[in-house]
Amino acid sequence: MADAAVKAPAAAEEVQDLTDGFHLVIDAMKLNGIHTIYGVPGIPITDLGRMAQAAGIRVLSFRHEQNAGYAAAIAGFLTKKPGVCLTVSAPGFLNGLTALAHATTNCFPMILISGSSEREIVDLQQGDYEEMDQLAIAKPLCKAAYRVLHAADIGIGFARAIRAAVSGRPGGVYLDLPAKLFGQVMNAEAGRKSLVQVIDPAPAQIPAPAAVKRALDVLKGAKRPLIILGKGAAYAQADDAIRTFVEKSGVPFLPMSMAKGLLPDTHPQCAGAARSTVLKDSDVVMMIGARLNWLLSHGKGRTWGDAPKKFVQIDIEPREMDSNVEIAAPVVGDIGSCVAALNEAMGGNWAPPPADWTGAVKAKRDENVTKMAPRLMNNKSPMDYHGALGALRAIIAERPDAILVNEGANTLDLTRGVIDIYQPRKRLDVGTWGVMGIGMGSAIAAAVETGKPVLCIEGDSAFGFSGMEVETICRYSLPICIVIFNNDGIYRGVDVNSAGSDPATTVFVKGARYDKMIEAFGGHGVNATTPDELKRAVNAAMDSGKPTLINAVIDPAAGSESGRIGNLNPQSALRKK
Ligand code: OXT
Ligand code: ADP
Ligand code: MG
């Protein structure tokens, strides 16, 4: 704390070492291993950012808080520590709030810290600068929300926020720091003592042995078992134990989007390319860190057929069990501990699933892969999605440690299917809400937190939600290559307004040159019209590590409405008649 202490002006008798709210906030973060802040400066937190930077914390300034928030959210996913987003009051806070809610929905640990106005004025609604009761607004949208009013409570405030974010089911936490707090002065030694180093912030949660046995009994009785790996399994960083379990069991596995790469998509047990078949025909499904939400038809519905299935679910959140269908074998605990316990209890001689099942899954997978192969090799200009992705797929195969960020509709769904991922936590995307706008924030955090090269594959609409952050990428010289699948619009670029006045609601300026945007900030821009050009440009960008934006010209007629989830669009009753 010595470096943070300030000498009070020499009084007559005594000179006291003092500290203040600014320094205590910084010290609390450093003490707890928080070394990066994503945010946007302004009243009342500008000086906090400056001082944090001076104290050795990396402070990344964004152009919009929502993008800083998405960066913090994905930093939490990648590191298992809370990602921190720092904003100003009311409008900045609200801009960050979408990302905080997104983090909570996705079970990512994040702390949104916002400066706020004078409590006395806010509570009497007397019209302070950026007046808003931020704590009340944040509460229903995150896992926990706290306000610190006294400098002496900063240590406890941070401890509560950190523990709430990472323990149990991870999530978003709001921490309200009123402007007055930062300038509050207190004795430096008392301040140092008030700080809390959070010990074991996410304690292991060991599953009950009976629950582990029950799960293995259900799995053993299966004729057509399936393991579904979700992003909770990727978050858990229990990669070796999970791989051992899956391989020892011999059961086909289906990775959810952000769990791709936990085991390589090319693994012989991977059923990603036989998704519909395994979801429909399996009789026992073991979920590891995945929820039976809309992405899995709630465990019912179209793809799941009529035959009753048994579910085994491994999750840290007990209330997740039976949320959609009956769970025959709930295993509550952290995934690392649960999978270790399963491995232990399985012993050395685990009988593999019946060969007719694994054979059928393999046959379906091979059939789909074979069907897709020629489409990936087409060299059309303008490109279709498969032609462009065929070029990019090889790049990730050659650079398996690169991180792939992906958003859009067709751009998202087709990239997920085409591009194999080989290592854990290398695919970052729209998550549980299917939210557009995570792209640049995720890319920046991925580069900053891992130091690895990042390839972003973005729909032209998706990119627009966070596109201004290309300046941020250039300013920090981050090794990020953005490829925009430019099909002139949302889903397709060919819609026509039947009234004939304004453009149709889903189309953009035709032939836009997004590559020009990055050139304004000193980055490298390329216009690619064929898969060969695209491949060359991306390889050069990944080799150089320089900020690059490639405008990939995609046939405006190539996509379909809402990508693979067009079935979720409500139909007009009148149109049906
Ligand atoms: O098994 P079958 O035979 O069925 O085949 C499957 C696999 O087995 C097979 N497959 C393979 N075959 C061969 N080889 C390989 N390697 C292989 N791998 C798989 O392929 C099929 C399909 O596999 P998949 O994808 O795994 O399976 P499926 O059935 O599709 O999976 C179902 C889902 C639900 C799990 C999956 O589809 C999924 O995860 N979907 C997520 C969808 C999602 O979240 N979409 C984003 C939201 S869409 C919409 O809301 C958009 N908006 C509105 C908006 C949003 N979202 N947010 C905000 C803040 N504001 C507004 C907007 C504005 S999208 C959008 C912009 C769109 O325009 P863009 O320009 O950005 O993008 P373009 O569309 O490109 O123009
Ligand atoms: P996906 O979208 O990939 O299917 P979800 O976000 O729906 O994944 O599910 C993730 C699940 O993982 C959540 O239910 C969450 O409680 C759980 N989870 C997150 N971290 C852990 C962990 N360390 N141990 C156990 N479960 C976890
Ligand atoms: Mg598009």
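**From a helical salt bridge to the ligand sites**

Guide: Lys-362 has a relative accessible area of 45% and therefore counts as partly exposed, since that class lies between the limits of 20% for buried and 50% for exposed. The model is a predicted one, and every value below is computed from it.

The partner of Lys-362 is Asp-366: the two form a salt bridge in which the closest N and O atoms are 2.7 Å apart. Both residues belong to helix α15, which spans residues 355-376, and their separation of four residues corresponds to about one turn of that helix. Asp-366 is likewise partly exposed, at 28% relative accessible area.

Helix α15 holds another such pair. Lys-364 and Glu-367 are joined by a salt bridge with an N to O distance of 3.6 Å. Their spacing in helix α15 is three residues, so about one helical turn separates them. Lys-364 has a relative accessibility of 25% and Glu-367 one of 40%; each is classed as partly exposed.

Which other salt bridges deserve mention, and how many does the whole structure contain? The search of the whole structure returns 28. One of them links Asp-281 to Lys-280, with 3.3 Å between the closest N and O atoms. Asp-281 is partly exposed at 29%, and Lys-280 is partly exposed at 42%. Elsewhere, salt bridges connect Arg-63, Glu-471 and Arg-475 in a network.

The greatest contribution comes from α17, which gives six residues. In total, 34 residues surround ligand 1, the closest being Ser-276, Tyr-385, Thr-411, Asp-460 and Arg-564. By residue class, the shell contains 17 nonpolar, 12 polar and five charged members.

Several contacts to ligand 1 are made by the protein backbone. A backbone N or O atom of Gly-434 is placed 2.8 Å from a nitrogen atom of the ligand. For Ser-461, a backbone N or O atom lies 3.0 Å from a ligand oxygen, and a polar backbone atom of Gly-489 is also 3.0 Å from an oxygen atom of ligand 1. Ligand 1 has 1,400 Å² of accessible area on its own, of which the protein covers 80%.

Because Asp-460 lies in helix α19 (residues 460-464) and Gly-489 in the loop between β18 (480-486) and α21 (515-519), the pair ties together parts that are 29 residues apart in sequence. Asp-460 and Gly-489 are both buried, whereas Lys-362 is partly exposed.

The contacts to ligand 2 involve side-chain and backbone atoms. Arg-169 places a polar side-chain atom 2.8 Å from an oxygen atom of the ligand. A polar backbone atom of Gly-289 lies 3.4 Å from a ligand oxygen, and a backbone N or O atom of Ile-316 is 3.1 Å from a ligand nitrogen. Of the 580 Å² that ligand 2 exposes when taken alone, the protein buries 96%.

Notes:
Residues numbered from 1 in each chain as written. Chains lettered and ligands numbered in written order. Predicted model: local features only at pLDDT ≥ 70, side-chain atom pairs only at ≥ 80, totals over all residues. Heavy atoms only, no water. Helix = DSSP H or I, 4+ residues; strand = E, 2+ residues; numbered from the N terminus. Buried < 20%, exposed > 50% of the residue type's maximum accessible area, 1.4 Å probe, protein only. Salt bridge = Lys/Arg side-chain N within 4 Å of Asp/Glu carboxyl O. Near = heavy atom within 4 Å. Polar contact = N/O pair within 3.5 Å; in protein donor to acceptor, adjacent residues only side chain to side chain. Areas by Shrake-Rupley, 256 points an atom, 1.4 Å probe, with all protein chains shown as cover. Nonpolar A, V, L, I, M, F, W, Y, C, P; charged D, E, K, R; others polar.
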